[in-house]
Amino acid sequence: MNTNSTRYTFVFAIIVCVVSGVLLSVFSEGLRPQKELNEELDVKRNILKAVVLKEPVAPKTKAADVLKVYDSKIEEVVIDDKGNVVEGKKPKQLTGKDTNLFPLYLYKEGGQVVAYAFPVVGQGLWSTLYGYLAVEADATTIRGITFYKHGETPGLGGEIEKEWFQNNFKGKTIYSLKDHKLTPTIVVKGKAADVVSKDELSYHVDGITAATLTGKGVTDLMDRWVRVYDAYLSKLRKI
Amino acid sequence: MGEALLSSKNQKILKDGFWDTNPITFQILGICSALAVTTQLKTALVMSLGLTFVTAGSNVVISLIRNFIPSQIRIIVQLTVVSALVISIDQILRAYMFDVSKQLSVFVGLIITNCIVMGRLEAFAMGNPPWKSFLDGLANGAGYSAVLIIIGIIREIFGSGTLLGYHVIPASVYAQGYVNNGMMVLAPGAFFLLGIIVWIQRSISGYKES
C-alpha cells in the first residue's frame, strides 16, 4: 500500500477527523448533564459562601446536602433596572437577552432577611472574574464576597480566590451614610492603611502584590455591580 | 512477543527518558510549562500527572497507527490525536472530578502545546512498537515531573512560605523580619532554579556538548 499517494492521504485525514470528531462529541454530549449539575452546584456553594451562613457548610459536604441547605435558606428573585422585583421570574430563566433583569439571592433565617447576594462579573488581567457579593440586611455593609471562577496567574492575581483577600471586604461599606453617596470598594496598590486616610478605609482594601491589574479589575467590577444593584438596595436603606 | 516486558532494552528506555535524556535537563523541552505551573507544588503535581498520562497515551495511539500515517501529514495527525485525548480527559474531569478540573483550569489545555508530547511522538512513537512507546512516554513524563516537583517545592517554600498550602515557615521567623522572596513567584526565579538544576543534572549524568 502506498501511504504517500494523494488519495490515501486524503482518505486517511478524513478518517482521523471523523473518528476524533465523533469521539469528542460523544464525550461532550454524554457528560453534559453531569457537567451542568456540577456547575450549578458550584454556583450554589459560592452563594452560600458569600452570604456567610450562621452554620457554614463544610467544604466536603455532599451535593444533596448542599442543595438542601440552599433551598431552605436562599430565596431566588429577579429584579429589573428600576430595582423592582419581577414576579414569577427565576434567575434560571434569564437569558442573554434579558439585559435589564438581574438575579438576586436573599438569605433568610427564620423568615428574616439576613443578607442580599448578587453576582459580580468583570475583566481581570487575563480572564473574566466571576463572583458573588453579599451585603447585610442594612443594604450597606458587605457581609462576604467570593470569586469562584477566573483564569488569573496562580500566586499572583489568582490570590483573589483566597480567604485573606476576600476577608478584607467583610465589614466594608458600599454606601456612605455621612456623605450620602455610593462607595464601591476600591482595591488599592499596597496596604490600604498606608495609602488612604482613616475616613476612607471603610471602602478601600489591601491590594495583591504584583497583581495590580487584577486588583483594578476587581475595583471596576465592584463599581459596576454596586451601581446596578443600588436601584434595589437604595430602597432598603433607612436614611 | 519475543521479549520480556521489562527486558534490559526496555529498562534502558525507562532510564533514558527519566535520567540520561531527561526532557527538561537534556532536551530542554517543556520549559514554558515548567515555569508557568511551578509557583505552587499542587499545580506542579497535577500538571506532571496530566502530562505523563497524555505522553504515554498518545505515544501508544500513534505507535499503533504509525505504519498507516502518511508522512506529509503526520504532524497534523499527531496533533489531532493529542488534542482529542486532552479534551476527552478535560471533559471527564469536569464531569466527575469538578474540584480538580477547577484547579487545573487552563493547564489541561496547555498540555496539547507541550513540546515534550509532540517531541516523543516524532522521536520515538513513530518508529517503535506500542509497549516500548508506552514506556518511553511514561519515563519522559516521570523525568519532567521530577524536575517540576523539585522546582515547585523550592518556589512555594521560599515564594509563599507554604507547602501544598500549609504554612511551613513559622510565624516567629516572620516576626524577626523575614519576608517571602517575591522573585520566586515570578518567572525569573524559576529560570534561575531551572538553570541550576540543569547544571547539576548534567554534571552527574556526564553530558557532553556534541
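In the hairpin of β2(A) and β3(A), 2 residues lie between the strands, and G110(A) adopts a positive phi near 55 degrees. This is a predicted model, in which local features need pLDDT of at least 70, side-chain atom pairs count only at pLDDT 80 or more, and totals for chains, interfaces and linings use all residues. Residues are numbered from 1 along each chain as its sequence is written, while chains are lettered from A and ligands numbered from 1 in the order in which they are written.

Helices (H or I, at least four residues) and strands (E, at least two) are DSSP runs, numbered from the N terminus. Two strands pair if DSSP finds at least two bridges between them.

| Strand | Partner | Bridges |
|---|---|---|
| β2(A), residues 101-109 | β3(A), residues 112-123 | 5 bridges |
| β3(A) | β4(A), residues 128-136 | 9 bridges |

A115(A) of β3(A) stands opposite Y107(A), and its bridge partner in β4(A) is E136(A). The hairpin from β3(A) to β4(A) passes through 4 residues.

In chain B, helix α8 (residues 130-160) has 31 residues; at 1.5 Å a residue it should span 45 Å, and its end C-alpha atoms are 42 Å apart, which agrees. The expected span is 1.5 Å times one less than the number of residues. G161(B), with a positive phi near 75 degrees, follows α8(B).

Between the chains, 23 residues of chain A are in contact with 25 residues of chain B (C-beta atoms, placed from the backbone, within 7 Å). On the side of chain A that touches chain B, α1(A) gives the largest share, 10 residues.

Notes: Two residues are in contact if their C-beta atoms, placed from the backbone, lie within 7 Å.
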